[in-house]
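Student: I'd like to go through the aromatic rings in this one. Can we take them a few at a time?

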Amino acid sequence: MNNKKIIFIIFLFTFILIKKDLVFAAEKTPQSFLYLSWESDGMAPLTYEGRVMPTEYAMIKASVQPLIYSKGAYLNSDSWNYQWFVNNTLIAQGIGLKEARFIAKDYTKTSYEVTVRVYSSLSETPFIKTTTIKLVRPLVYLKPINEKSITLNAYSTTEDLVELEAVPFFLGNYGADQINYRWSINGERIPDFDNQKSIIVPYIGEGESESVNIKVVIEDQRDVILRAESALNINFVK
């Protein structure tokens with residue numbers, strides 16, 4: 001066997017060992033990914049297809065699912081220790097605690113920073129994931145009962161009366177009975193419809209047409225800071 005063959009065999013053997021060590025080293029360092037998500041109990045119509053955004057006083061639930069891949073499989077993370085932080089303050093921790101809840105009740109905040117730290121035997125340092133949850137202001141829209149969608153600015157009808165419904169959006173609420181409704185017609189308050197979700201507006205004009213301005217103000221009973229208003233012109237066409 002000449003020297004060239006001996007050198008080639010030594011090189012091949014060394015390369016196999018190095019490659020084997022590299023594979024072992026890669027398996028010792030697991031690939032990690034934390035899937036962090038959140039949801040809110042804020043109010044929105046059934047026809048609303050977007051994500052319900054949280055507002056003040058909303059209950060927010062954050063959840064995490066660790067996807068730690070090692071040696072050809074995803075590891076079971078149920079027995080790991082989880083720490084939850086909201087704006088750098090620890091709010092919950094525990095074994096297998098993959099979700100945490102908090103109420104967005106700090107009026108000085110327009111967003112909340114949520115961080116989860118996951119401790120395991122795989123690493124001396126925790127796996128960490130952070131997300132920012134932005135708050136929105138409450139909204140309310142008006143919708144004629146016989147219409148499928150909300151109506152903006154103006155609504156025309158040939159009927160003798162219109163029943164309008166107030167449709168709240170993004171209220172951190174635990175029940176519709178915790179919302180106050182206040183109605184006005186042409187700038188005058190109508191106390192008879194206080195706390196009613198809908199109002200009936202009749203045609204009372206004598207001419208061929210009549211325009212009536214309807215305004216609704218909604219307030220969360222727990223704090224009047226949580227309020228929204230909307231107005232609509234109803235055009236009775238005769």
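Student: Which residue has its charged end over the ring of Y203?
Tutor: Keep in mind that this is a predicted model. The charged end in question is 5.0 Å from the centre of the Y203 ring. It belongs to K238.

Student: And which residue lies over the face of F85?
Tutor: Here the distance to the ring centre is 4.6 Å. The residue over that face is R117.

Student: How many aromatic pairs are there in the whole structure?
Tutor: Two rings count as a pair if their centres lie within 6.5 Å. Searching the whole structure on that basis gives five.

Student: What kind of pair do Y141 and F169 make?
Tutor: Their ring centres are 5.5 Å apart, and the planes meet at 85°. An angle over 60 degrees counts as edge-to-face. So this pair is edge-to-face.

Student: How far apart in sequence are the parts that this pair ties together?
Tutor: Y141 is in strand β10, residues 139-144, while F169 is in strand β12, residues 161-169. The pair therefore links parts separated in sequence by 28 residues.

Student: Is F169 buried or exposed?
Tutor: The cut-off for buried is under 20% relative accessible area. F169 has 9%, so F169 is buried.

Student: What about Y203 and F236, how are their rings arranged?
Tutor: The centres are 5.6 Å apart, with 50° between the planes. Stacked needs under 30 degrees and edge-to-face needs over 60, so what's left is tilted. The Y203 and F236 pair is tilted.

Note on methods
Residues numbered from 1 in each chain as written. Predicted model: local features only at pLDDT ≥ 70, side-chain atom pairs only at ≥ 80, totals over all residues. Heavy atoms only, no water. Phe/Tyr/Trp six-rings, centres within 6.5 Å; stacked < 30°, edge-to-face > 60°. Helix = DSSP H or I, 4+ residues; strand = E, 2+ residues; numbered from the N terminus. Buried < 20%, exposed > 50% of the residue type's maximum accessible area, 1.4 Å probe, protein only. Lys NZ or Arg CZ within 6 Å of the ring centre and 35° of its normal.
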